[in-house]
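Please look through the structure below with its charged side chains in mind. The paragraphs that follow take the salt bridges in turn.

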Amino acid sequence: RFSEISDAGELVREAKRGLAIIVPSVALVSVAIWLLRDLVIHILFTAEFAAMRDLFGWQMLGNTLKMVGWLFGYLLLAKANALAMAALEIVTIVVWWLLSLAFIAHNGTIGAPQAYVATYALYAVATFVGVAFVVRRMRAAPRAAVA
């Protein structure tokens, strides 16, 4: 859908519509998983995994931010340079790794999902800024003459 849109206003409306559907849906599922984390651990994992219950909140927040970033990322992929998006994905992996090293060294195990949250918060901001540039470019482009 994003690739066929040529009007900046329509693109912004479509992105808002996607956010209005995706963010509440992912957030709701994330909250449900967080609330049921003990049951999830009991059913899917061994008792040794129980200590990980404290990591679920960070993980679910990171997942929600990741989905926001992905929505903007898909929009960028449809409207901008695929090579730039591939580069952003590689940079994101490196940032996640570096933040994981720093956060784990500073906060212990909980630093891993905290790095995930920080990485995908940065990713969401980066893709949002990219979309803002795409919209600005679309608004500045001369309108095609209608025959």
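Which side chain meets that of Glu 14 in a salt bridge? The partner is Arg 17, with 3.0 Å from N to O, where a salt bridge is defined as a side-chain nitrogen of Lys or Arg within 4 Å of a carboxyl oxygen of Asp or Glu. The model is a predicted one, in which local features need pLDDT of at least 70 and side-chain atom pairs count only at pLDDT 80 or more, while totals for chains, interfaces and linings use all residues. Residues are numbered from 1 along each chain as its sequence is written, and side-chain values use heavy atoms, with hydrogens and water left out.

Glu 14 and Arg 17 are separated by about one helical turn, because they lie three residues apart in helix H1 (residues 8-35); helices here are DSSP runs of H or I with at least four residues, numbered from the N terminus. Glu 14 counts as buried, at 14% relative accessibility, buried meaning under 20% relative accessible area, exposed over 50% and partly exposed in between, with a 1.4 Å probe and protein chains only.

A search of the whole structure finds three salt bridges. Another of them joins Asp 38 to Arg 53, whose closest N and O atoms are 2.7 Å apart. This pair links distant parts of the chain, since Asp 38 belongs to helix H2 (residues 37-44) and Arg 53 to the loop between H2 and helix H3 (56-79), 15 residues apart. Asp 38 is partly exposed at 41% relative accessibility, and Arg 53 is also partly exposed, with a relative accessible area of 27%.

Arg 53 also meets Asp 54 in a salt bridge between their side chains (3.8 Å, N to O). Through shared partners, Asp 38, Arg 53 and Asp 54 are joined into one network of salt bridges.

Terms used. Helix = DSSP H or I, 4+ residues; strand = E, 2+ residues; numbered from the N terminus.
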